[in-house]
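Please read them alongside the sequence and the coordinates.

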Amino acid sequence: MAPERSVVATYEIETSQPLQQAAEALAGEQSTGTFIRVQRESDDLRARFAAQVETIEPLPGLGGAPLPGAEGTQVRRRARIRLRFPLDNFGPSLPNLLAAVAGNLFEMRPLAAVKLTDLDLPAAFADRYPGPAFGVPGTRELLSRPTGAMIGTIVKPSIGLSPAELAEVVDELVTAGIDFIKDDELQGNGPSAPLAERVRAVMPVLERHADRTGVKPMYAFNITDDISLLERNHDLVVEAGGTCVMACVNLLGFAGLAHLRELAAVPIHGHRTMIGALIRSEQLGFSYRVWQKLARLAGADQLHTNGIANKFYESDAEVLDSISAVREPFLDYQPTLPVLSSGQWAGLAHATAEATGTTDLLVLAGGGIHGHPAGAGAGVRAMRDAWEAAADGVPMETAIERSAALRAAVETFGPARG
């Protein structure tokens with residue numbers, strides 16, 4: 001099976017069966033086979049269309065409880081297996097790819113654990129899906145921020161602000177020099193602050209700032225909705241002069257995101273809400289590496305990775321691997337921009353810059369900006385001062401001495417974070 005006509009999926013499984021038997025059962029279930037060989041399942045058909053077991057690498061067991069309904073769990077073997085799927089089974093189609101590599105396999109009784117951990121795709125997918133339209137370079141150009149970390153925030157409180165109150169918050173943030181603001185994923189198109197009213201309130205603030213400074217900060221309006229409403233929501237933002245739309249990837253699905261990419265005239269900010277249901281378990285679901293490849297394939301220009309010292313479950317090592325994954329070359333696409341969020345504040349700038357080795361990052365601080373004792377504007381200044389110091393090799397202690405805003409942030413958030 002030629003590599004350019006196949007997809008390779010990597011899984012980590014646990015099973016009570018011999019590993020070869022379990023791997024072949026998984027390959028059969030997801031291609032030509034069923035629980036018994038049937039009349040027209042000829043050797044020729046299997047040679048052309050059956051998924052093939054490429055490698056089996058035994059691994060230490062996880063030690064956790066087996067998945068519900070798993071059979072024969074007294075003795076369990078764990079392995080990393082690689083299966084090769086003929087591209088002719090599904091073609092370069094995101095939904096049909098997922099049916100093959102992530103379909104019924106999660107329900108198989110012989111598997112006490114099964115997680116899709118990597119996915120190698122042929123160039124045919126890049127021919128079908130153009131990937132990010134803007135990515136890192138396009139975002140930097142729109143922000144007039146050619147170098148350095150891009151500093152952003154999430155509107156806080158997440159929901160409950162009137163459009164007029166939202167405009168006041170945005171005005172304070174842009175006056176302080178923020179690059180990027182986004183709706184919280186909880187703020188969609190509800191009756192208390194509809195998308196159209198938010199756009200009418202926010203865009204004049206951004207336009208006035210652009211008239212004064214020559215720079216228009218980016219506001220990612222959350223346009224997540226039914227697929228039939230995406231174009232309308234997108235056009236509402238763009239016709240008002242907006243330069244970014246936000247899409248909750250898991251709520252739209254990868255095909256929905258790809259549909260938005262086809263019509264989008266501005267960068268797509270890809271939010272990962274609900275991703276824990278897919279990636280949190282060691283025993284089930286996807287890895288982040290798989291998820292981000294599918295989101296980039298579908299056209300996300302900016303993609304949430306979480307941040308170090310975050311408020312969720314991921315370790316710093318897991319977060320850094322996610323950031324690295326988003327930055328790795330993939331199908332000759334231009335690079336998607338990693339978006340760091342969750343518990344981020346100015347005091348994490350030096351550690352993050354050192355650990356990632358890059359400033360091609362969009363760093364979002366919600367409470368870390370809005371919770372600053374001198375107000376959100378001072379929160380923006382603290383973030384900017386910290387990240388500029390980190391990029392210039394200025395020690396954190398020196399940066400604190402130079403910046404009153406950063407000093408107040410450390411005094412406020414440092415103790416609060418332990």
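Notes on the predicted model

1. Strand β4 (residues 111–120) and β10 run parallel and are joined by three bridges. Across this pair, Leu 116 stands opposite Phe 286 in β10. Helices (H or I, at least four residues) and strands (E, at least two) are DSSP runs, numbered from the N terminus; two strands pair if DSSP finds at least two bridges between them.

2. On the source: this is a predicted model, in which local features need pLDDT of at least 70 and side-chain atom pairs count only at pLDDT 80 or more, while totals for chains, interfaces and linings use all residues. Residues are numbered from 1 along each chain as its sequence is written, and side-chain values use heavy atoms, with hydrogens and water left out.

3. The open sheet has five strands in the order β2-β3-β1-β4-β10, with mixed pairing. The edges are β2 (52–59) and β10 (284–286); each has a single partner strand, so one side of each is left without a neighbour in the sheet. From one strand to the next, the twist averages 20 degrees.

4. Helix α3 (residues 94–101) lies across β1, β3 (77–86), β4 and β10, and runs at about 35 degrees to β1. Helix α11 (residues 288–298) also packs on the sheet, where it touches β4 and β10, and its direction makes about 45 degrees with that of β4. Axes here are lines fitted to C-alpha atoms, for helices over the stretch in contact, and angles run from 0 to 180 degrees between N-to-C directions.

5. Thr 15 is found in strand β1 (residues 6–15). Is it buried or exposed? Thr 15 is buried, because its relative accessible area is 0% (buried means under 20%, exposed over 50%, partly exposed in between; 1.4 Å probe, protein chains only). The side chain of Thr 15 reaches the backbone oxygen of Pro 110 at 2.8 Å. The C-alpha atoms of Thr 15 and Ala 112 are 5.3 Å apart, although 97 residues separate the two along the chain.

6. Helix α8 (residues 230–239) has Leu 230, Asn 233, His 234 and Val 237 buried. Seen down the axis of α8, the buried residues fall within an arc of 100 degrees, so they line one face of the helix; the arc is that of the directions from the helix axis to the C-beta atoms. These residues pack against α7 (195–213), β7 (218–222), β8 (245–248) and α9 (249–263). Just after α8, Gly 241 takes a positive phi of about 100 degrees.

7. His 269, in strand β9 (residues 268–271), counts as buried at 0% relative accessibility.

8. Leaving aside neighbours within four places in sequence, the contacts (heavy atoms within 4.5 Å) of Leu 26 include Tyr 11, Ile 13, Leu 105 and Val 114.

Key: A polar contact is a pair of N or O atoms within 3.5 Å; within protein, one must be able to donate a hydrogen and the other to accept it, and residues adjacent in sequence count only if both atoms are side-chain atoms.
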